[in-house]
Amino acid sequence: MKDNIFIIWSGSNDVAIQIKKILETKNYKCTIGGNADNDSKFSSVGDTVIQQIKNCNQAIVIFQNRRDGMVSNNLFFELGYALATYGQTKVHCVRRESEQVVLPSDFDNSFVEPISSATEEDFVNGIIGYFFDRQKMSINVNKMILINNRYKMHYYIQSHFSEQGSKCSDYELAQYVLFYLQAGHMFGDERKILKEMQQFKDDYHSYFSDELSTAVNICISFFEMTLNIQSTPDGEFFIDRRTFRKFRDNYLEYRATIVDDDMGTFDEWAKVFLSEHLTYAYNLYAGNPELSQENSIKNMELSKYWAEQALEDMKILENSAPVKDNNDHKGILSLFYAYVYRNLFLCSLKLKDGNEIKWLEKSRKERTALKTNFEIGSIDSQLYDNFAMEYYLTLIECLNYADALGLDEDDVEDYKDEVKKYIKESKSQTDHSKYVERIELLLNNA
């Protein structure tokens, strides 16, 4: 079941009844505000209006004049309670374009959307269209804090088609699924979340919107790829040909299905995830020891291509109002930039294009910012460990380019002491990551 919609009306409930019929064919559950004029088969007359509102999580408010030329006072009472309960983005107020309704002085006229009403059918369809456009809302929270509280996203996913009703629109849930993917990757929950997403898709795929379908497929494909990552004896990571080709083909198909829209930011987020993941996958496949040198270079060149595409996608997203408002450039976008810069660094090493210092410096800058902005205690220790691990891996790589980076002997010794301290502390933990082992190996070779 999608969202539970409370329909508030004044004058006649004819339009409300038609809206209810249409939305319920699209898997929404609707309640028409209880009132003496309501037909009992369209609403639970025994319920109080307040209880009805509590049982829903969005509202459509139809401003219509009564026979006396005024809007019902009950409408304003229900509207106020709905606004306090759901928030303004979840309350959708409409009126006929041709009808003048008298609003209290505290109301801005822009609060109520005028809908074309040449016929009643036009009015009903206009309201439905306006409602669907309003579902394309961006997630109004810093995404790294959201990832830190991943159980909230888990709850939203589990609730979405349940009897208790969803807590967000399909469009919002599609975004939550992408950030849930990132949370699973950073917390090491890939196998668990892959199973969850596969079950979610098996149970409800026929109800998915296009955006939700794309997000769920991205999540499943990404984890199927990462769970098949292998390593060489010297600690280099790679994926096999079959894993890579399945992942690549799926991702290129998903990318082709994304529809650009001006209402929300799902399309921008999805493109960033797709391009960054393709960068990563091509880089992993290029490291496959069974590949010829020529084939390995070709895949590194494609990794570089998608990295450059990812930078373009992130720049577009970074300039969007929701991302600015939520300071995502200090969280998840900084993380994605660090991922891409590191892969570009690896590409430069393989392709010998002379840009490795440029990308190493950019990667170090982002890693330092993440480690500084999200200090121990501000986020889950597992997330902080993730930032720290990547930071120290970059620090090791800086040691290999000490002269080019202008590091003197004291800088080098300080870097080494910092890394040694990190390795010692990490080894004392029960979960000794293979990445920490690799950092130790690289330090010994630095």
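The secondary structure of this protein comes to 19 helices and 7 strands; helices (H or I, at least four residues) and strands (E, at least two) are DSSP runs, numbered from the N terminus. This is a predicted model, in which local features need pLDDT of at least 70, side-chain atom pairs count only at pLDDT 80 or more, and totals for chains, interfaces and linings use all residues. Residues are numbered from 1 along each chain as its sequence is written, and side-chain values use heavy atoms, with hydrogens and water left out.

**Whole protein**

Start with everything selected. The C-alpha trace spans about 85 × 40 × 40 Å along its principal axes. Of the 446 residues, 54% count as buried (under 20% relative accessible area, with exposed over 50% and partly exposed in between; 1.4 Å probe, protein chains only).

**Helices H7 and H9**

Next, select residues 170-187, helix H7, and residues 210-226, helix H9. Their axes come within 7 Å and cross at roughly 10°. Axes are lines fitted to C-alpha atoms, for helices over the stretch in contact, and angles run from 0 to 180 degrees between N-to-C directions. H7 and H9 are therefore roughly parallel to each other (angles under 35 degrees count as roughly parallel, over 145 as roughly antiparallel, 65 to 115 as roughly perpendicular and the rest as oblique).

Now show side chains. Residues of H7 that meet H9 include Leu-173, Val-177 and Leu-181; on the H9 side, Leu-212, Cys-219 and Phe-222 are among them. Contact means heavy atoms within 4.5 Å. The residues of this contact divide into 13 nonpolar, 3 polar and 2 charged (Ala, Val, Leu, Ile, Met, Phe, Trp, Tyr, Cys and Pro count as nonpolar, Asp, Glu, Lys and Arg as charged, and the others, Gly among them, as polar).

**Helices H14 and H15**

Move on to residues 332-351, helix H14, and residues 356-373, helix H15. They pack at an angle of about 155°, with their axes 8 Å apart. H14 and H15 are therefore roughly antiparallel to each other. Tyr-337, Tyr-341 and Phe-345 are among the H14 residues in the contact, and Trp-359, Glu-366 and Arg-367 are among those of H15. By class, the contact of H14 with H15 has 11 nonpolar, 3 polar and 5 charged residues.

**Asn-299**

Finish with Asn-299, in helix H12 (residues 293-318). Asn-299 counts as buried because its relative accessibility is 3%. Not counting residues up to four places away in sequence, Asn-299 touches Phe-244, Tyr-282, Tyr-285, Ala-286 and Leu-291.
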